[in-house]
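Have a look at the model first, then try each task before you read its solution.

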Amino acid sequence: MKVGFFVTGTDTDVGKTYVSGCIGNTLTQLGIPVSPRKPIASGCIPQADNSLYCEDATFLKLACHSDEPIERICPHQFIPPVSPQRALQQAGITLKTEDLAEACQVDDEKIALVEGAGGFYSPLSSDGLNSDLAKQLRYPVILVVGNRLGCLNHALLTIDAIEHAGLSLHCVIVNDIAPEADQANFEDLKRLLADKNVECYHLAFNPAKQPVTIEKFRI
């Protein structure tokens, strides 16, 4: 059975790529080889040679110390800063969930670290949501919670959705997306999840956005 994680968020702009990079960096520091995957991305930047630059995929490649080409890490890239599903519609392209699942395959000796786009129920492929890709991959899910007002509600709703999908929740990572983030939210979420026996980690605001090691991270 393939080993890996599916990283999703409570919403867009919660620092999912940064946290994924921190996970990849932590695993490689533990001597565990990682293959990052972001199978589809929108909001990519056109380059002079007509190629596209995907900032998220580039960050994941560096954070995970990967020698794989960007085209394998993120094979489907689009310019419009909209949901991947809408970008596909605008481009007149059909990519099904099974196509994205195939793009997430990695070598047997490596752990797959798959990052979705947006939240768990955000549109992703031509025929499905992030949740559909997660269900097809069957990897344990890591939930990134952007530490801001309302995050506890968003976290609990997303956890319910993950459980309803029949997936295993590996851990929750609360990410401070601003320097003034309320630190009490992390403690409150740990308390609310105490009966679920789910690890809860915290990442402090990092303006440099350089991947750090997640202390006591367990696989």
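**Exercise 1. Find the element that holds Gln90, and decide whether Gln90 is buried or exposed.**

Step 1. Gln90 is found in helix 4, which covers residues 84–91. Helices here are DSSP runs of H or I with at least four residues, strands are runs of E with at least two, and both are numbered from the N terminus.

Step 2. Gln90 has a relative accessibility of 52%, so it counts as exposed. The classes are: buried under 20% relative accessible area, exposed over 50%, and partly exposed in between, with a 1.4 Å probe and protein chains only.

Step 3. Leaving out residues up to four places away in sequence, Gln90 touches Pro80 and Val82. Contact means heavy atoms within 4.5 Å.

A word on the model: it is predicted, so local features need pLDDT of at least 70 and side-chain atom pairs count only at pLDDT 80 or more, while totals for chains, interfaces and linings use all residues. Residues are numbered from 1 along each chain as its sequence is written, and side-chain values use heavy atoms, with hydrogens and water left out.

**Exercise 2. Describe the chain as a whole: its elements, its radius of gyration and its buried share.**

Step 1. Eight helices and 12 strands make up the secondary structure.

Step 2. The radius of gyration is 16 Å, close to the 17 Å that the globule rule gives for 219 residues, so the chain is as compact as a globular protein of that length. This radius is taken over C-alpha atoms, and the rule is 2.2 Å times the number of residues to the power 0.38.

Step 3. Along the principal axes, the C-alpha atoms fill a box of roughly 50 × 40 × 35 Å.

Step 4. Of the 219 residues, 50% count as buried. Among contacts with a separation of 6 or more, 79% come from residues 24 or more positions apart.

**Exercise 3. Work out what lines the largest pocket.**

Step 1. Start with the idea: rolling a probe the size of a water molecule over the atoms shows where empty space is left. On a 1 Å grid over the protein atoms alone, a cavity is a set of points where a 1.4 Å probe fits but cannot get out; a pocket is an open set with protein on both sides within 12 Å along at least five of seven lines, and lining residues have an atom within 4 Å of a point.

Step 2. The largest pocket holds about 970 Å³ of space. Its volume is the space filled by probe spheres set on the grid points, which are joined across faces, edges and corners.

Step 3. The lining has 39 residues, and Asp13, Thr17, Lys38, Asp56 and Glu115 lie nearest the centre. Helix 1 (16–29), strand 3 (40–41), helix 2 (55–63) and strand 7 (111–119) are the elements that give two or more residues to it. Helix 2 gives the most, with six residues.

Step 4. By type, the lining divides into 19 nonpolar, 12 polar and eight charged residues. Here Ala, Val, Leu, Ile, Met, Phe, Trp, Tyr, Cys and Pro count as nonpolar, Asp, Glu, Lys and Arg as charged, and the others, Gly among them, as polar.

**Exercise 4. Which residues are in contact with Thr17, leaving aside its neighbours within four places in sequence?**

Step 1. Thr17 lies in helix 1, and its relative accessibility of 11% means that it counts as buried.

Step 2. Its contacts are Asp56, Phe59, Leu60 and Glu115, with those neighbours left aside.

Step 3. Now turn to Tyr18, also placed in helix 1. Tyr18 is buried, with a relative accessible area of 7%. Beyond four places in sequence, Tyr18 touches several residues, including Phe59, Asn175 and Leu203.
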